[in-house]
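This report looks in turn at a sheet, a pair of helices and the surroundings of a ligand. Please keep the structure in view while reading.

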Amino acid sequence: MMPSTVDSALIAARNVSLVLGRPPASVEILRGVDLDVAAGDSVALLGPSGSGKSSLMAVLAGLERPTGGTVSVAGLDFTTLDEDALAVARRGRIGIVLQAFHLLPTMTALENVAVPLELAGEGDAFARAAAELEAVGLGHRIGHYPAQLSGGEQQRVAIARALVGRPALIFADEPTGNLDTTTGASIMDLLFARHAASGTTLFIITHDPGLAARCARVIELGDGRIVGDRRSA
Ligand SMILES: Nc1ncnc2c1ncn2[C@@H]1O[C@H](COP(=O)(O)OP(=O)(O)OP(=O)(O)O)[C@@H](O)[C@H]1O
(Lines give C-alpha, C1' and ligand atoms only; values in the text may rest on other atoms or scores of the structure.)
Protein backbone atom coordinates (compact mmCIF):
# COMPACT_ATOMS: atom_id res chain seq x y z
CA MET A 1 0.00 0.00 0.00
CA MET A 2 1.24 3.49 -0.82
CA PRO A 3 1.91 5.74 2.20
CA SER A 4 -0.76 8.40 2.51
CA THR A 5 -0.16 12.03 1.62
CA VAL A 6 1.27 14.11 4.45
CA ASP A 7 0.52 17.83 4.62
CA SER A 8 3.70 18.55 6.54
CA ALA A 9 5.89 16.72 4.03
CA LEU A 10 9.40 18.13 3.66
CA ILE A 11 9.33 17.17 -0.02
CA ALA A 12 6.05 17.20 -1.92
CA ALA A 13 6.05 16.27 -5.60
CA ARG A 14 2.78 16.35 -7.52
CA ASN A 15 2.26 14.79 -10.93
CA VAL A 16 5.85 15.49 -11.91
CA SER A 17 6.79 14.82 -15.48
CA LEU A 18 10.09 15.34 -17.26
CA VAL A 19 10.56 15.20 -21.00
CA LEU A 20 14.06 15.76 -22.36
CA GLY A 21 15.15 16.41 -25.92
CA ARG A 22 13.13 17.71 -28.85
CA PRO A 23 10.57 15.76 -30.86
CA PRO A 24 10.85 13.37 -32.58
CA ALA A 25 13.79 12.40 -30.34
CA SER A 26 12.23 13.53 -27.06
CA VAL A 27 12.24 11.06 -24.19
CA GLU A 28 9.66 10.89 -21.42
CA ILE A 29 11.81 10.37 -18.37
CA LEU A 30 9.42 10.96 -15.47
CA ARG A 31 5.73 10.15 -15.91
CA GLY A 32 3.43 11.62 -13.27
CA VAL A 33 5.39 11.09 -10.08
CA ASP A 34 3.55 11.84 -6.83
CA LEU A 35 5.70 11.66 -3.74
CA ASP A 36 5.77 12.96 -0.18
CA VAL A 37 8.80 12.61 2.03
CA ALA A 38 8.41 13.39 5.71
CA ALA A 39 11.03 15.45 7.54
CA GLY A 40 13.53 13.23 9.30
CA ASP A 41 12.89 10.17 7.13
CA SER A 42 15.53 8.10 5.35
CA VAL A 43 14.62 7.03 1.84
CA ALA A 44 16.39 4.71 -0.56
CA LEU A 45 15.51 5.11 -4.23
CA LEU A 46 15.99 1.92 -6.22
CA GLY A 47 15.31 0.98 -9.80
CA PRO A 48 16.96 -0.32 -12.95
CA SER A 49 19.51 1.72 -14.83
CA GLY A 50 17.72 4.33 -16.92
CA SER A 51 14.52 4.22 -14.86
CA GLY A 52 14.89 7.93 -14.01
CA LYS A 53 16.38 7.88 -10.50
CA SER A 54 19.00 10.58 -11.06
CA SER A 55 16.47 12.66 -12.98
CA LEU A 56 13.95 12.43 -10.14
CA MET A 57 16.61 13.42 -7.64
CA ALA A 58 17.64 16.39 -9.80
CA VAL A 59 14.03 17.57 -9.96
CA LEU A 60 13.43 17.14 -6.22
CA ALA A 61 16.68 18.93 -5.40
CA GLY A 62 15.79 21.88 -7.61
CA LEU A 63 18.61 21.18 -10.07
CA GLU A 64 16.31 20.36 -12.96
CA ARG A 65 12.98 21.97 -13.75
CA PRO A 66 10.17 19.47 -14.36
CA THR A 67 8.23 19.69 -17.62
CA GLY A 68 4.98 19.38 -15.67
CA GLY A 69 3.74 19.17 -12.10
CA THR A 70 5.10 20.83 -8.98
CA VAL A 71 7.86 20.20 -6.46
CA SER A 72 7.97 21.91 -3.10
CA VAL A 73 10.56 21.56 -0.40
CA ALA A 74 9.87 22.86 3.10
CA GLY A 75 6.77 24.56 1.77
CA LEU A 76 8.66 26.44 -0.96
CA ASP A 77 7.35 25.76 -4.46
CA PHE A 78 10.52 25.22 -6.51
CA THR A 79 8.63 25.37 -9.78
CA THR A 80 7.86 29.08 -9.26
CA LEU A 81 11.48 30.12 -8.58
CA ASP A 82 14.04 31.35 -11.10
CA GLU A 83 17.60 29.97 -11.18
CA ASP A 84 19.01 32.50 -8.71
CA ALA A 85 16.17 32.05 -6.25
CA LEU A 86 16.57 28.27 -6.56
CA ALA A 87 20.28 28.51 -5.76
CA VAL A 88 19.48 30.56 -2.67
CA ALA A 89 16.72 28.12 -1.68
CA ARG A 90 19.10 25.15 -1.95
CA ARG A 91 21.89 26.84 -0.04
CA GLY A 92 21.83 25.89 3.61
CA ARG A 93 18.76 23.67 3.16
CA ILE A 94 19.92 20.94 0.83
CA GLY A 95 23.18 19.02 0.56
CA ILE A 96 23.72 17.20 -2.72
CA VAL A 97 26.19 14.45 -3.62
CA LEU A 98 26.00 13.58 -7.31
CA GLN A 99 27.74 10.82 -9.27
CA ALA A 100 29.93 13.41 -10.95
CA PHE A 101 31.42 15.23 -8.00
CA HIS A 102 31.47 18.74 -9.47
CA LEU A 103 34.52 19.76 -7.46
CA LEU A 104 36.16 22.94 -8.65
CA PRO A 105 39.54 21.91 -10.12
CA THR A 106 41.31 25.15 -9.21
CA MET A 107 40.42 24.87 -5.54
CA THR A 108 41.90 22.61 -2.89
CA ALA A 109 39.77 20.07 -1.05
CA LEU A 110 39.53 22.53 1.85
CA GLU A 111 38.45 25.39 -0.40
CA ASN A 112 35.91 23.20 -2.20
CA VAL A 113 34.23 22.46 1.12
CA ALA A 114 34.64 25.90 2.71
CA VAL A 115 33.66 28.19 -0.15
CA PRO A 116 29.95 27.27 -0.31
CA LEU A 117 29.75 27.93 3.44
CA GLU A 118 31.41 31.29 3.01
CA LEU A 119 29.00 32.11 0.18
CA ALA A 120 26.17 31.29 2.55
CA GLY A 121 27.61 33.95 4.85
CA GLU A 122 28.52 31.54 7.63
CA GLY A 123 31.43 32.10 9.96
CA ASP A 124 34.30 29.68 10.65
CA ALA A 125 33.97 28.29 7.13
CA PHE A 126 37.56 27.00 6.94
CA ALA A 127 37.64 25.52 10.43
CA ARG A 128 34.33 23.76 9.88
CA ALA A 129 35.42 22.53 6.44
CA ALA A 130 38.66 21.12 7.92
CA ALA A 131 36.67 19.31 10.63
CA GLU A 132 34.27 17.84 8.06
CA LEU A 133 37.14 16.64 5.87
CA GLU A 134 38.67 15.06 8.96
CA ALA A 135 35.34 13.30 9.62
CA VAL A 136 35.35 11.74 6.14
CA GLY A 137 38.94 10.57 6.65
CA LEU A 138 40.66 13.17 4.51
CA GLY A 139 42.25 15.33 7.19
CA HIS A 140 45.67 14.68 5.67
CA ARG A 141 44.66 15.72 2.12
CA ILE A 142 42.95 19.06 2.69
CA GLY A 143 45.55 21.05 0.73
CA HIS A 144 45.33 18.81 -2.34
CA TYR A 145 43.55 19.64 -5.59
CA PRO A 146 40.89 17.31 -7.05
CA ALA A 147 43.30 16.09 -9.76
CA GLN A 148 45.65 14.92 -7.00
CA LEU A 149 42.91 12.84 -5.36
CA SER A 150 41.52 9.42 -6.29
CA GLY A 151 37.89 9.04 -7.36
CA GLY A 152 36.92 7.79 -3.92
CA GLU A 153 38.76 10.67 -2.23
CA GLN A 154 37.01 13.17 -4.49
CA GLN A 155 33.71 11.54 -3.57
CA ARG A 156 34.52 12.04 0.10
CA VAL A 157 35.30 15.72 -0.51
CA ALA A 158 31.89 16.02 -2.20
CA ILE A 159 30.27 14.35 0.81
CA ALA A 160 32.07 16.69 3.23
CA ARG A 161 30.87 19.63 1.12
CA ALA A 162 27.28 18.33 1.28
CA LEU A 163 27.42 17.82 5.05
CA VAL A 164 29.28 20.92 6.17
CA GLY A 165 26.32 23.31 5.94
CA ARG A 166 24.31 21.00 8.23
CA PRO A 167 21.44 20.87 5.73
CA ALA A 168 18.03 19.51 6.78
CA LEU A 169 17.95 17.41 3.61
CA ILE A 170 20.69 15.42 1.91
CA PHE A 171 20.38 13.94 -1.57
CA ALA A 172 23.03 11.42 -2.50
CA ASP A 173 23.33 9.60 -5.84
CA GLU A 174 25.24 6.33 -5.29
CA PRO A 175 27.31 7.90 -2.49
CA THR A 176 29.45 4.81 -2.01
CA GLY A 177 29.68 3.86 -5.68
CA ASN A 178 33.35 4.73 -5.98
CA LEU A 179 34.49 3.60 -2.57
CA ASP A 180 35.88 0.34 -1.25
CA THR A 181 33.62 -1.56 1.15
CA THR A 182 35.24 -0.29 4.34
CA THR A 183 35.39 3.36 3.30
CA GLY A 184 31.86 3.15 1.89
CA ALA A 185 30.56 1.76 5.18
CA SER A 186 32.26 4.49 7.22
CA ILE A 187 30.81 7.20 4.94
CA MET A 188 27.35 5.73 5.31
CA ASP A 189 27.85 5.55 9.08
CA LEU A 190 28.61 9.26 8.96
CA LEU A 191 25.44 10.03 6.99
CA PHE A 192 23.27 7.90 9.28
CA ALA A 193 24.90 9.36 12.41
CA ARG A 194 23.97 12.83 11.14
CA HIS A 195 20.47 11.54 10.40
CA ALA A 196 20.15 10.15 13.95
CA ALA A 197 21.69 13.13 15.75
CA SER A 198 20.17 16.03 13.81
CA GLY A 199 17.12 14.52 12.16
CA THR A 200 18.66 15.14 8.75
CA THR A 201 16.41 13.73 6.03
CA LEU A 202 18.28 11.35 3.72
CA PHE A 203 17.31 10.58 0.14
CA ILE A 204 19.75 8.12 -1.36
CA ILE A 205 19.93 6.49 -4.78
CA THR A 206 21.56 3.12 -4.44
CA HIS A 207 21.96 -0.26 -6.06
CA ASP A 208 23.30 -1.64 -2.78
CA PRO A 209 20.67 -3.77 -0.98
CA GLY A 210 22.57 -3.43 2.32
CA LEU A 211 22.44 0.36 2.11
CA ALA A 212 18.76 0.31 1.10
CA ALA A 213 18.04 -1.88 4.12
CA ARG A 214 19.43 0.82 6.43
CA CYS A 215 16.81 3.27 5.15
CA ALA A 216 13.37 3.39 6.77
CA ARG A 217 11.60 3.69 3.42
CA VAL A 218 12.40 2.13 0.08
CA ILE A 219 10.94 3.58 -3.12
CA GLU A 220 11.31 1.80 -6.42
CA LEU A 221 11.21 3.55 -9.75
CA GLY A 222 10.42 1.78 -13.02
CA ASP A 223 10.28 3.51 -16.37
CA GLY A 224 9.74 6.95 -14.87
CA ARG A 225 7.03 5.91 -12.41
CA ILE A 226 6.96 4.89 -8.77
CA VAL A 227 6.31 1.15 -8.84
CA GLY A 228 7.08 0.31 -5.22
CA ASP A 229 7.00 2.15 -1.90
CA ARG A 230 7.45 0.35 1.38
CA ARG A 231 8.64 0.88 4.92
CA SER A 232 11.12 -1.47 6.44
CA ALA A 233 9.86 -3.52 9.35
N1 LIG B 1 19.51 15.17 -21.69
C2 LIG B 1 18.89 14.02 -21.94
N3 LIG B 1 18.24 13.86 -23.11
C4 LIG B 1 17.58 12.69 -23.39
N5 LIG B 1 17.55 11.65 -22.55
C6 LIG B 1 18.19 11.76 -21.37
C7 LIG B 1 18.89 12.93 -21.00
N8 LIG B 1 19.41 12.74 -19.76
C9 LIG B 1 19.06 11.49 -19.37
N10 LIG B 1 18.33 10.89 -20.35
C11 LIG B 1 17.73 9.55 -20.31
O12 LIG B 1 16.81 9.52 -19.23
C13 LIG B 1 16.70 8.22 -18.71
C14 LIG B 1 16.78 8.27 -17.20
O15 LIG B 1 18.11 8.65 -16.81
P16 LIG B 1 18.55 8.69 -15.29
O17 LIG B 1 20.00 9.06 -15.27
O18 LIG B 1 17.60 9.53 -14.52
O19 LIG B 1 18.36 7.16 -14.87
P20 LIG B 1 18.90 6.37 -13.60
O21 LIG B 1 17.75 5.52 -13.16
O22 LIG B 1 19.47 7.32 -12.61
O23 LIG B 1 20.02 5.48 -14.23
P24 LIG B 1 21.43 4.92 -13.63
O25 LIG B 1 21.09 3.95 -12.54
O26 LIG B 1 22.03 4.24 -14.83
O27 LIG B 1 22.22 6.10 -13.16
C28 LIG B 1 17.79 7.40 -19.37
O29 LIG B 1 17.18 6.60 -20.37
C30 LIG B 1 18.70 8.46 -19.97
O31 LIG B 1 19.31 7.96 -21.15
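## The sheet

Two strands are said to pair if DSSP finds at least two bridges between them. In this predicted model, four strands form an open sheet in the order β2-β1-β4-β5, and their pairing is antiparallel. The edges of the sheet are held by β2 and by β5 (76-77), each of which pairs on one side only.

Strand β4, which covers residues 68-73, runs antiparallel to β5 and is joined to β5 by two bridges. Within this pair of strands, S72 has D77 of β5 as its bridge partner. In general, the strands of a sheet pair through backbone hydrogen bonds, and they may do so in a parallel or an antiparallel way.

## Two packed helices

The packing of two helices is described by the angle between their axes together with the distance between those axes. Helix α4 (residues 125-135) packs against helix α5 (residues 151-164) at an angle of about 130°, and their axes are 9 Å apart. The two helices are therefore oblique to each other, and α4 passes α5 in a right-handed crossing.

On the side of α4, the contact is made by R128, A129, E132 and L133, while α5 contributes A160, L163 and V164. Of these contact residues, five are nonpolar and two are charged, with no polar residue present.

## Around the ligand

The residues around the ligand are L20, G21, V27, I29, G47, S49, G50, S51, G52, K53, S54 and S55.

Definitions and conventions:
Residues numbered from 1 in each chain as written. Predicted model: local features only at pLDDT ≥ 70, side-chain atom pairs only at ≥ 80, totals over all residues. Near = placed C-beta within 6 Å. Axes fitted to C-alpha atoms, helices over the stretch in contact; angles between N-to-C directions. Parallel < 35°, antiparallel > 145°, perpendicular 65-115°, else oblique. Left-handed = near helix turned anticlockwise from the far one by under 90°. Contact = placed C-beta atoms within 7 Å. Nonpolar A, V, L, I, M, F, W, Y, C, P; charged D, E, K, R; others polar.
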